[in-house]
Structures are given as C-alpha cells and as structure tokens.
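Please look over the sequence and the structure shown here. The report after them is meant to be read alongside both.

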Amino acid sequence: MKGKTKESDSENRIIDTDQSPTHAEPVIHAAARMETTTTANDDESLDAEQQKAFESIMAQIEGGGADADTEAPSDDFSAELEMVVNEAAAAEAGGPMDETGNESDQGLDADQQKAFENIMTQIEGGGADADTEPPSDDFSAELEMVVNEAAAAEAGGPMDGTGNESDQGLDADQQKAFESIMAQIGAKAPEKPSSEISESDSTAVGANEQENHPTDVIRDQSVAEAEAQDVSDDINLILDAITSSNEPVSVSATDADFPSPPSALQSGEPATSEENPSPGYPTLPSTADVNSGPTAIKNVRPEAETVEKATTSVGGTRKKAFIALAVAIGLLALAGYVQWRLKNDVISKAPLSTADMPRPDGVAAIPPPAQPNGPITVDLPPSDHAQLKTAAEKLHRLRGTLLEKQTEIQALRAYYQAGIDAEIAGIVEILHKTSPSEVAFGAAMDHPLISLGLSAIQRRDNYITKLANPLNDLLWSSESLLFYARKSEMLALMVGKTSDLDIDGFLKQVDEISAMHGRVLAQLDIDAVPSSPLELESIWQQIVKRLQEPPHRGGKALPVRSAEDVAIWKNICAGDFSQKHNLTELSPEAAGCLAQWKGKDLFLNALTQLPADAARQLAAWEGDWLGLNGLKELSADAAMQLSRWKGKKLSLNGLSRLSPRVVAILSEWQGDQIELVNVKQMAHWENPNTRLFLSEDLHRGQNTTRK
Amino acid sequence: MKRPTIIQRALLLTVVLALTVLPVSATAKAIGDQLRRTMAEISLLNSQMAQRKTDAAQTRDALAARLEELKTEARKTSQEQGIKLAAKALKNPRIYYDLMLMAEIQAYIDRYTQKISYYRIACDRLSYLYQQADDDLKLVDSLSGMKIDALIAQAEKILDGYLADAQTITIQPHSLKVDAPQNMWEALE
C-alpha cells in the first residue's frame with residue numbers, strides 16, 4: 001500500500017500540462033525511466049538494450065529537435081535533457097552494459113528496437129506538426145501498426161536462445177500493454193469524462209478494467225508487482241506519451257532519479273495530496289486545473305484515478321454512512337411521531353376525572369375541552385354583518401338628506417309665517433294711524449297697502465298650507481328610514497351568532513325602501529297639492545279681531561285672573577318665595593318683589609305670559625339661572641327687557657317659534673347659555689359667546705346651513 | 001456469510017425501534033376506545049352548546065338594552081308632545097316606528113330566551129350522558145364483555161339531535177310572534 005502510494009505520488013508529479021511544449025520530452029523521460037527501472041531490476045541484458053534504445057532515441061531527439069518546427073525548447077529543457085543523458089551514461093558506466101550489448105540487439109530487442117524506431121519515426125514525423133495538429137486517427141493507425149508488428153514478432157515463436165525468461169515476460173507485457181492501448185483507442189477513452197472514468201474504475205471489477213483502461217493495467221501491476229516493474233511498463237508509458245503527443249507531457253521516473261521541473265510539479269500535481277508524503281512539492285490548486293485539457297486528462301488518469309479511487313472509496317464509504325444515518329434518523333423520527341400521536345390520542349380519549357365531571361346544575365361544570373372553543377365558534381360572517389352596517393349607513397345618509405329637505409321646508413314655512421306676521425303688523429299699524437271708518441272690509445280693500453298686504457297674507461298662508469304635505473311626507477319617510485336603519489343595526493347585532501335570519505330579504509327590502517324614499521325626495525312638489533286659499537275677507541276679520549284686543553306692546557299689565565296668583569304675589573312681597581313656581585301670571589309689582597329672591601335659580605315654569613313691564617322688573621334679579629319654560633310666546637319688548645338681565649343661564653324651552661327680531665334681541669344677551677330646545681325655526685344666532693341649546697333637528701339644520 | 005452493511009444494520013435497528021413504539025394491540029381496547037371517542041364527542045358538543053347558550057344570553061341582553069332605549073325615547077316623545085292616547089301616538093311617526101321596532105325586538109328577546117332554555121337543557125342532558133359514559137368506561141376497564149351498544153346508540157341519537165344547533169343559534173324570523181304597535185303602546189304605559 002505504501003509502495004503504491006509512493007508510486008502514485010511519483011507519477012503524480014510527472015504530469016505537466018503547460019510547461020513542456022514538445023512531445024519528445026515524455027519519450028526521453030520514459031526512456032530514462034526505463035533505463036533506471038531495468039537497472040534496479042538487475043536485468044543487465046535488458047539494460048544494455050534499453051541503453052542502446054535510449055541512445056538511439058536521444059540521437060533521434062537531438063536530430064529531430066533541431067528540425068522541429070515547434071517553438072524551440074527552452075534552454076532549461078536542453079539542459080535537462082543533457083542531465084538525463086549524463087545520468088544515463090553514469091548508470092551505464094556502473095554496470096556491464098557493453099558485455100550484453102550485442103546480445104540485446106538480437107532477438108526480443110530487435111522487436112523492441114523496431115517498435116522504437118517506428119515510434120521515433122512517429123516522433124520525427126509528428127514533431128513538425130505536433131503544435132498544429134491534434135492527435136489524429138492516423139496516429140492511432142500507426143500505433144496499431146506498431147502493435148501489429150509486435151504481434152507478428154511474437155507470433156514467430158518463442159524467443160531465440162539468447163532470450164531468457166525476462167525476455168519472454170517482456171513480450172507478454174508488451175503485447176498486453178499494446179492491447180490495452182488499442183482497446184483504449186478503440187473505446188475513445190480520452191473523450192470519457194474523468195468522473196465517469198473514476199466511477200467505472202471504482203466499480204468495475206476484474207479484467208474489464210484492463211481492457212477499458214490501459215492505465216489501470218499499469219496501476220494494478222505496480223500495486224501487485226511493485227518490484228517486478230519491468231520494461232513493458234516503460235513502454236506503456238512511452239506509448240501513452242506518444243498517443244498524447246499533441247500536447248507535451250513531462251514524464252519522470254522517480255523523485256530521486258529524475259527531479260521534475262518545478263513548473264511541471266506546480267502544475268501537474270493533483271490537489272488530492274493528503275496521501276502525498278513529500279512535502280517538498282507544492283500542491284495543485286485543484287484537480288480541475290490538471291484536467292484542463294484532453295492530454296492532461298489522459299496523462300493524469302492513472303494518478304488521478306488512483307487518488308480519485310482512494311477519494312471515491314473514502315467518500316463512498318462516508319456517503320454510505322451518511323445515507324444510512326439519515327435513513328435511520330428519518331425512521332426514528334417517524335416512529336417517534338407515531339408514538340406521540342398514539343399518546344395524544346390516548347390522552348384525548350381518556351375519561352375526565354370525577355372532579356371534572358359536569359355538575360347536575362349544568363353551566364359552570366361543563367367539561368373543559370377548551371381547544372374546540374376557539375376554532376369551532378362561528379365568527380361573525382363579515383359579509384352579512386358588513387352588509388347590514390353598510391345598509392344602516394346608507395339609510396342614515398338618506399335620512400339625513402330628507403331631514404335637510406325637511407328643515408329647508410320648515411324654514412320656508414317660518415319665513416312665510418314671519419311675512420304674514422309682518423303684514424298683519426303693518427296693516428294694524430296702518431289701521432291705528434287711520435280713522436276707524438276704514439275698519440270695514442270694503443274700505444280696507446280700497447287702501448292699497450292693506451289690500452296688497454291681505455293678498456300677501458293669503459298667498460303666504462297658501463304656501464304654508466301646501467308645504468305641510470311634503471313636510472309631513474318627509475317626516476314619515478325620515479322616520480321610516482330611521483326605523484329600518486335601527487332594524488339593520490339590530491340584525492347586525494344578532495347575525496354574528498344567529499343563523500336563518502333573512503338578511504338577504506331584509507337588504508332587498510332596504511333597497512326598495514331607499515329607492516322609494518329617494519323618489520319621494522326627487523318628486524317634492526306643491527303644485528299638485530290641492531289647496532283652498534283663505535278668503536281675503538276672512539283674513540281681514542282676523543286682523544280686525546286682533547285690532548280690537550288691547551295691545552301687549554304698550555307694557556300694560558295683564559289683568560289678574562287668578563286669586564291664587566294674587567295670594568302668591570302677596571306672599572312673595574312678604575318674603576315668602578315658596579310658592580313662586582306656581583305663578584301663572586306675573587304683575588310688575590310681583591316681579592319687583594320676586595327680584596329680591598337671593599337664590600341662584602329662579603324657575604317660573606308655570607308662567608305662560610310675560611308682560612314687558614314684568615320682564616323689566618324681573619331683569620333686576622341677581623341670580624344665575626332663570627327658567628321661563630312655560631312661555632309659549634315672547635314679545636320683542638319682553639325679549640328686550642330679558643336681554644338686559646345679568647344672569648348666566650336662561651331657559652325658554654316652551655317657545656316653539658321665534659321671530660327674527662326676537663332672535664336678534666336675544667342675541668344681544670350677555671349670558672353664558674340660552675335654551676330654546678323646542679324652537680322649530682329660528683334665524684341665525686349672532687352671538688357666538690352665548691351657547692345656544694336647540695333641538696337636534698334645528699341644530700343639524702343650522703350646521704348644514706353654515707356649511 | 002456476507003456481513004450486513006451499515007445501511008442494513010441501521011434499517012434493522014430502526015425497524016426494531018419502530019416496532020417497540022407501536023401500540024401493542026388496538027383491538028383489545030376497542031370497546032374502551034369507542035367509549036372514549038363517544039365521550040369526547042359528548043364533551044365537545046357540550047362545550048359548543050354552552051357557548052351557544054352564552055351567545056344567546058349576550059345577544060338577548062344587547063337586545064334588551066336596545067329595547068329600553070326605544071322605550072325611553074317613545075315615552076319622552078309622548079310626554080313632550082302631550083300624547084296620551086294610542087290613536088294619537090300611532091300618528092306620530094317617531095312613536096309609531098319606535099313601537100314597531102320594540103315589538104320586533106321583544107319577539108327576538110322571547111325567542112332568545114327560549115333558545116337559552118333549550119341550550120341549558122341540552123347541556124344538562126349531555127352532561128348526564130357524559131357521566132353515564134364515564135361510569136360505563138370504568139366498568140369496561142375493569143370487566144370484560146361489557147355491553148355498550150345501547151349507550152353508544154343513545155349517545156349518537158342525542159348527538160345527532162343537538163348537532164344542528166351546536167354551531168349557531170337558529171332563529172327563523174317568520175316564526176316570530178310580533179306584537180302590534182297598539183299593544184306595545186299599552187305595554188309602554
């Protein structure tokens with residue numbers, strides 16, 4: 001094993017792919033190696049013959065080298081050749097070469113000589129073209145011819161009397177080597193990838209190796225018969241070198257005899273140098289560099305195969321071990337998984353302990369299979385829930401649109417009503433300034449302002465009447481939409497955990513309702529509303545009736561109708577304020593007494609009327625919160641007096657309508673907040689410092705108007 | 001004789017280990033396993049029914065809160081507008097629609113109340129069944145030849161009966177009894 005390794009190493013080092021440009025160099029090295037090998041093997045007669053052949057080769061080389069067309073070998077190479085020759089001469093001088101020299105020229109040596117001559121001829125012929133032509137089939141044919149000649153010589157019978165056993169052995173080896181060469185050429189082994197070669201080498205058994213790969217023959221012989229390495233190996237090497245003569249190969253016999261060129265060592269040594277005992281040689285970067293060319297592959301193969309085989313054998317063992325380990329781990333994991341599953345099944349199927357048993361009363365003692373609770377619970381179906389939410393939002397939006405239109409119509413009605421009030425006030429003013437004779441309807445109609453005023457009142461009253469219908473429709477529509485929106489939210493509340501709710505049907509109904517109310521909104525029209533306008537005379541009669549009533553604006557006190565109120569007034573003026581909230585009417589005197597009340601709150605919610613004089617007295621109260629929520633109407637004069645009150649909060653939640661003038665007057669109040677939650681229509685509030693509490697609809701309408 | 005390779009040894013070792021962890025005999029405990037499976041199914045269904053009962057109670061509470069809001073709004077509206085008669089109340093759109101929605105919500109509340117009772121009874125029955133299966137399982141573990149076919153059949157019948165209601169609460173709106181707004185107004189007062 002050790003000898004084999006050493007030989008492999010020595011052979012590894014002889015590889016040169018780039019630095020030896022001529023094809024003659026391998027021949028020289030092989031010849032020299034042959035000589036040294038035969039010397040070492042004590043075959044003197046062969047040594048002599050080989051020496052002779054070697055000299056012949058050298059002569060050929062010296063002659064051919066000068067003629068070669070190739071690039072001139074370097075001086076180093078010549079020197080190396082000379083060195084080889086000198087060494088050969090020294091070896092020759094050390095042994096009796098001359099004595100057996102003649103005998104070696106006869107018999108077997110003649111065949112060899114003939115083969116060598118053919119080879120030399122090839123060298124000479126190929127030397128000129130070596131650089132330009134790759135190894136061709138002609139060359140193989142010539143090799144075949146050499147083989148045939150050797151076979152013919154062998155077929156001539158055993159060697160003559162001068163031949164000895166070693167001579168016969170040489171022939172057999174030679175023949176075997178030639179056959180191997182031919183088999184290799186025939187199989188076009190050089191084209192075979194190195195990996196395949198390695199694999200085939202590592203897997204093939206027996207004689208097939210020799211037939212397919214002559215280099216294996218060399219390797220096997222060197223392993224099995226290391227000491228019997230003979231000339232046939234050298235011939236083999238020579239022939240190998242010749243077959244790859246298109247690219248120069250440096251061949252050396254041993255490290256001791258033929259030190260290889262450093263360049264060859266650097267480039268030809270395989271990277272797998274872990275078995276290389278010689279530390280003096282640098283290792284190659286990688287095997288791929290060595291196998292960069294066909295010749296390199298061919299020449300490296302014996303060594304590379306050896307190393308690859310070793311590597312492959314080691315790697316193969318490791319690979320098998322890894323595979324076996326992986327399979328074992330996988331199966332163990334599978335077995336563990338099976339065991340784990342079985343264990344879990346048993347645990348899950350195990351009965352609950354008695355302590356975990358559900359109690360008869362039920363709810364809290366339910367066995368805890370907590371795992372299924374989460375995933376099994378049906379989550380909110382987002383589609384239905386989202387659809388219901390979307391439907392509710394859609395309904396709210398549509399309702400908002402209806403409310404806006406509703407507010408708009410109410411504002412119109414309030415505007416018309418305010419116009420009617422203004423017309424009536426104007427007519428009354430005119431009547432107060434004119435003679436009573438004009439009180440008759442006919443005479444009044446002769447007055448242009450009165451007649452036009454009456455016509456305006458009639459027209460506006462008609463508008464107000466006509467607007468009542470669409471307003472009522474809008475009110476019901478908006479409330480209907482609110483109902484469906486609330487129902488949609490209610491269903492959204494249930495749909496997550498309840499099935500069979502007819503969501504689709506409801507959504508379809510919502511769509512229909514929305515479309516219907518949308519049409520209502522688009523078809524608001526008062527022209528089609530039947531109406532019967534008031535007669536002008538009827539309007540005039542109402543004005544006359546108002547004209548006959550005592551005017552409120554004069555600040556005169558209303559007549560006291562209730563003895564109870566009188567009693568309360570007396571008590572108040574006497575300092576008893578306990579019954580003040582029961583007052584239904586308020587005289588200016590009582591209001592003056594009430595203004596002495598030291599409390600912070602004064603609620604007179606039973607009051608339904610507030611004269612201006614009473615309001616002026618009441619405005620002197622120094623409290624914070626005045627409540628007059630029983631008032632249904634508020635005159636401008638009374639509002640003027642109240643606006644001078646210095647309190648903070650004023651509640652007038654009984655008022656449902658305020659004229660723009662009253663609004664403007666109340667806007668001048670400097671308190672903190674005023675409550676008018678029942679006012680349906682109101683002009684713009686001008687005072688931003690006072691918080692205004694209005695109804696939800698009115699507040700929304702005012703915000704919309706601001707936008 | 002050729003020595004076994006590493007792979008063969010590893011495979012042999014693995015097979016031996018795998019065989020050691022496999023169950024010894026599945027058929028010997030078939031009855032017990034069947035009973036355990038049934039108990040597991042009962043337990044699972046019981047938890048689902050309990051969850052549905054909780055869902056129904058939560059939904060009912062939410063609806064009840066909504067109902068109270070509507071009642072408050074209807075009362076406030078009627079008071080503000082001085083509505084005391086049903087005829088006048090039904091002419092007010094806000095009160096009218098409030099009453100209609102209140103009637104529907106009340107119907108759903110009643111149905112959820114029924115469902116809660118149904119799920120409570122189901123949980124009680126399933127708990128009883130589980131207890132019975134557990135008792136039988138103890139006998140199966142101790143004795144041989146225990147007949148559990150009747151119990152299994154009974155359990156499957158009950159499970160099948162409750163299975164449809166285990167995943168979700170089922171309420172069909174057309175089967176609800178919704179009161180008229182007039183009745184709701186009277187109840188409101």
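The text below goes through chain A as a whole, its sheet, and a set of aromatic rings.

This is a predicted model, in which local features need pLDDT of at least 70, side-chain atom pairs count only at pLDDT 80 or more, and totals for chains, interfaces and linings use all residues. Residues are numbered from 1 along each chain as its sequence is written, chains are lettered from A and ligands numbered from 1 in the order in which they are written, and side-chain values use heavy atoms, without hydrogens and water.

**Chain A as a whole**

Chain A has 27 helices and 6 strands. Helices (H or I, at least four residues) and strands (E, at least two) are DSSP runs, numbered from the N terminus. The chain has 707 residues, and 44% of them count as buried. Buried means under 20% relative accessible area, exposed means over 50%, and partly exposed is in between, with a 1.4 Å probe and protein chains only. A contact means heavy atoms within 4.5 Å. Of the contacts in chain A between residues at least 6 apart in sequence, 67% join residues at least 24 apart.

**The sheet**

In chain A, 5 strands form an open sheet with parallel pairing, in the order E2-E3-E4-E5-E6. Two strands pair if DSSP finds at least two bridges between them. Strands of a sheet pair through backbone hydrogen bonds, either parallel or antiparallel. Strand E2 (601-603) and strand E6 (691-694) of chain A each have a single partner strand, so one side of each is left without a neighbour in the sheet. From one strand to the next, the twist averages 10°, with axes being lines fitted to C-alpha atoms and angles running from 0 to 180 degrees between N-to-C directions. E2(A) pairs with strand E3 (residues 625-627) of chain A over 3 bridges. A:Asp601 has A:Trp625 in E3(A) as its bridge partner.

**Aromatic rings**

Rings of Phe, Tyr and Trp (its six-membered ring) pair if their centres lie within 6.5 Å; planes under 30 degrees apart count as stacked, over 60 as edge-to-face and the rest as tilted. By this rule there are 15 aromatic pairs over all chains. Two of them are listed here.

| Pair | Type | Centre to centre | Between the planes |
|---|---|---|---|
| A:Trp645 and A:Trp669 | stacked | 5.8 Å | 5° |
| B:Tyr118 and B:Tyr162 | edge-to-face | 5.9 Å | 70° |

B:Tyr118 lies in helix H4 (residues 93-142) of chain B and B:Tyr162 in helix H5 (residues 149-163) of chain B, so their pair ties together parts 44 residues apart in sequence. B:Tyr118 is partly exposed at 26% relative accessibility, whereas B:Tyr162 is buried at 7%. A:Trp645 is buried at 3% relative accessibility, and A:Trp669 is buried at 1%.

A charge sits over a ring if NZ of Lys or CZ of Arg is within 6 Å of the ring centre and within 35 degrees of the ring normal. B:Lys115 lies over the face of B:Tyr118, 5.7 Å from the ring centre. The charged end of A:Lys580 sits over the ring of A:Trp597, 4.3 Å from its centre.

One aromatic cluster is formed by A:Trp476, A:Phe483, A:Tyr484, A:Phe506, B:Tyr96 and B:Tyr97. A:Phe506 is also touched by A:Lys487, as are B:Leu101 and B:Glu104, not counting residues up to four places away in sequence. A:Lys487 is in helix H19 (residues 448-495) of chain A and is buried, with a relative accessible area of 13%.
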